[in-house]
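Here is a short briefing on how two chains meet and what holds their parts in contact. Keep the structure open while you read.

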2 protein chains.
Amino acid sequence: MTTGVRRSRMGVEERRQQLIGVALELFAQRSPDEVSIDEIAAAAGISRPLVYHYFPGKLSLYEAALKRASEDLASRFVEPHEGPLGSRLLRVMRRFFDFVDQHGPGFSALMRGGPAVSVGAADTLSHVSTTNALIDSVRQAAYEQILSHLVITDPPARLELVIRSWISLAESTALIWLDGRRIPRAELEVQLVHDFAALTAVSAAYDEEMRALLRPMLGSEPADGPFGDLATRLIALAS
Amino acid sequence: MTTGVRRSRMGVEERRQQLIGVALELFAQRSPDEVSIDEIAAAAGISRPLVYHYFPGKLSLYEAALKRASEDLASRFVEPHEGPLGSRLLRVMRRFFDFVDQHGPGFSALMRGGPAVSVGAADTLSHVSTTNALIDSVRQAAYEQILSHLVITDPPARLELVIRSWISLAESTALIWLDGRRIPRAELEVQLVHDFAALTAVSAAYDEEMRALLRPMLGSEPADGPFGDLATRLIALAS
C-alpha cells in the first residue's frame, strides 16, 4: 500500500487513483458502509481534509471505487474467440471468481444495493441509481460478450432471457459462495458453465428456434470439454 | 375501489388497510416512486393531511404496502404435500406469475431496491434495509417451502446453493418477462420448473451426496409430469 511519504510528489489524478485503490483494499476486508473516510485517509497516509480535497464527498470516492471495480470486472469477460465455447466460458468464470474472491465484502455490498452511506437523501438516492446503473452496465457487458461468442447479433427473446437469467444465476451463486465459502470455488466455476448448457438445453427442448440456433454451436463442442463431460454424466445419471 | 363516501364509518385499521390497497393498485400501474401521496389520497377519496393521519410519513405507507405484498407473495408458495413434486412446483410458479402479473411495475421497483423515495437520508437508508429485509424474508419463505417439499431438514451446502440460486433465477426470469412480456408466461412457468430439475441434475452429476438425496425424489416422478416430459425431450434433443 502506498503511504503518505510520496504525497508531495503525487499529482491530483495519481492521488485520486491511490485513494480509490486504498478504498477498494479496505472494502475487500469489510463492507463499504463500515469503512470510514478516516480509515481510508489513515491507510493512504494523508489527512481526512486532504481526502476531501481529492473527492468532494464520501459518496464521490465510493462511486469512483465502484466505477473502477465495475470496469475491472467487465474487462474480465473479454475472452479470445478461439477454441470450444465451454472452455472459453470456464476461463471467464475463473476470472469472475478471482474478482469475487478478491473483493469479498465489497462485492456483496454492491450486489445488495451498494454501500448504505448516510449523506443526505438526494445524494443517497442519486447514489442508489448510480450504483444500479453501474451494475447494469456490467451485466450488459457480460450479455454482449456472450452474444459475441455465440456469433448472434439479433437474439430472439428466449435466448436473451436464457443469457440474462443465467448472468443473474452467476451473481447469486457467487454471493452464496461468499457467505461461508462452503463449496470449493473451482467446483462452482465448472457448475456455472454446466448451468449455462442446462438452461440453454431446457429452452431448446421446447422451442424450435432455440434448437436451430444452438445445434451448430453445441455440435462443435469436444466430448472432453465442459459441455461434453456434462452430457456424459447426465446420461449416466439418467440410466 | 372504495371512495371517501364511507370515510366517516371506517375505523383506523380499516382505513389503513384501504390506503394500502389503493397504494398497491397504483403501484401496479406505475413505479412506486412515480406515485405521490396526493394521488393515493385522491384515489382513496380523502385529503392528503388525512393520509398522514393514518401513516406518519410517505415511507410508512410504502413500507406497509410492501409488507402486505410480501406476505401475499409468501402465502402463494404454500402448496399441499400431495402428488408429484414437479406438478406442485408448477402450481406455485403459476401463482408466482399471477403475483408478478398483478403487481407489474411495483414488483420491478421492489426487486431493484425498492421505491426511491426522497424523505431524508436516515429514513431512506432505513427504508432500503427494511426493503431488503422484506425481500429476504420472502426468499427465505420460498427456500423453506422447497425444503419441506423435498422432506429435507438439514440440507448440505450444495443443495442449499441450488435452491437459493434457482430462487434468484425465478426472480430474474419474472423481471425479464415483465420487461415487454415477449414470451408467454405459461411457457416460463413450465421452464422454471424444468430449470429447477436441470440445475439439480447438474449438481447431482458431480456430487454423490446430491445424487443420493435426489434419486428417490425424482425416481417417483411420473413420466407425463413436468420432470418426466423434460427428460424425454432432452433425450430426443441429444440424439
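Contact here means heavy atoms within 4.5 Å. By that rule, 100% of the interface residues of chain A are also interface residues in chain B, so the copies meet through the same surface. The model is predicted. Chain A is built from 10 helices and zero strands.

**Symmetry and size of the interface**

- Two copies of a chain are related by a rotation about an axis and a shift along it.
- Chain A gives 46 residues to the contact, and chain B gives 47 residues.
- The size of an interface is often given as the accessible area lost when the parts come together.
- For chain A and chain B, the buried area is about 4100 Å². Carbon and sulfur atoms account for 67% of it.

- How many salt bridges does the rule find across the interface of chain A and chain B? There are four.
- A salt bridge joins B:Glu187 to A:Arg158, with 2.5 Å between the closest N and O atoms.
- Eight residue pairs are in polar contact across the interface of chain A and chain B, both residues being at pLDDT 80 or more.
- On the side of chain A that touches chain B, the elements that give two or more residues are helix H6 (121–150), helix H7 (157–178), helix H8 (185–206) and helix H10 (226–238) of chain A.
- The residues on that side of chain A divide into 24 nonpolar, 11 polar and 11 charged.

**Chain A as a whole**

- From the N terminus on, the elements of chain A run α-α-α-α-α-α-α-α-α-α.
- Chain A has 239 residues, and 52% of them count as buried.
- Take the contacts in chain A between residues at least 6 apart in sequence. Of these, 67% join residues at least 24 apart.

**Salt bridges within chain A**

- Over all chains, a search of the whole structure finds 36 salt bridges.
- A:Asp98 and A:Arg185 form a salt bridge, their closest N and O atoms lying 2.7 Å apart.
- This pair links distant parts of the chain. A:Asp98 sits in helix H5 (residues 85–111) of chain A and A:Arg185 in helix H8 of chain A, 87 residues apart.
- A:Asp98 is partly exposed, at a relative accessible area of 34%.
- A network of salt bridges links A:Asp98, A:Asp101, A:Arg181, A:Arg185 and A:Glu189.
- A:Arg158 also has a salt-bridge partner in chain A: its side chain meets that of A:Asp207 at 3.5 Å, N to O.
- A:Arg158 is in helix H7 of chain A, and A:Asp207 is in the loop between H8 and helix H9 (208–219) of chain A. The two are 49 residues apart, and the pair links distant parts of the chain.
- Are these two residues buried or exposed? Both A:Arg158 and A:Asp207 are buried.

**A buried serine in chain A**

- A:Ser203 lies in helix H8 of chain A.
- A:Ser203 has a relative accessible area of 2% and is buried.
- Leaving aside neighbours within four places in sequence, A:Ser203 is in contact with A:Arg158, A:Val162, A:Met210 and B:Gln191.

**A loop-to-helix pair in chain B**

- The side chains of B:Arg181 and B:Asp101 meet in a salt bridge at 2.4 Å, N to O.
- B:Arg181 lies in the loop between helix H8 (157–178) and helix H9 (185–206) of chain B, and B:Asp101 lies in helix H5 (residues 85–103) of chain B, so the pair ties together parts that are 80 residues apart in sequence.
- Their C-alpha atoms are separated by 9.7 Å.
- Which residues does B:Arg181 touch, not counting those up to four places away in sequence? They are B:Asp101 and B:Gly104.
- B:Arg181 is partly exposed, with 38% relative accessibility. B:Asp101 is partly exposed too, at 30%.

Note on methods:
Residues numbered from 1 in each chain as written. Chains lettered and ligands numbered in written order. Predicted model: local features only at pLDDT ≥ 70, side-chain atom pairs only at ≥ 80, totals over all residues. Heavy atoms only, no water. Buried area = accessible area lost by both parts, 1.4 Å probe. Polar contact = N/O pair within 3.5 Å; in protein donor to acceptor, adjacent residues only side chain to side chain. Helix = DSSP H or I, 4+ residues; strand = E, 2+ residues; numbered from the N terminus. Nonpolar A, V, L, I, M, F, W, Y, C, P; charged D, E, K, R; others polar. Buried < 20%, exposed > 50% of the residue type's maximum accessible area, 1.4 Å probe, protein only.
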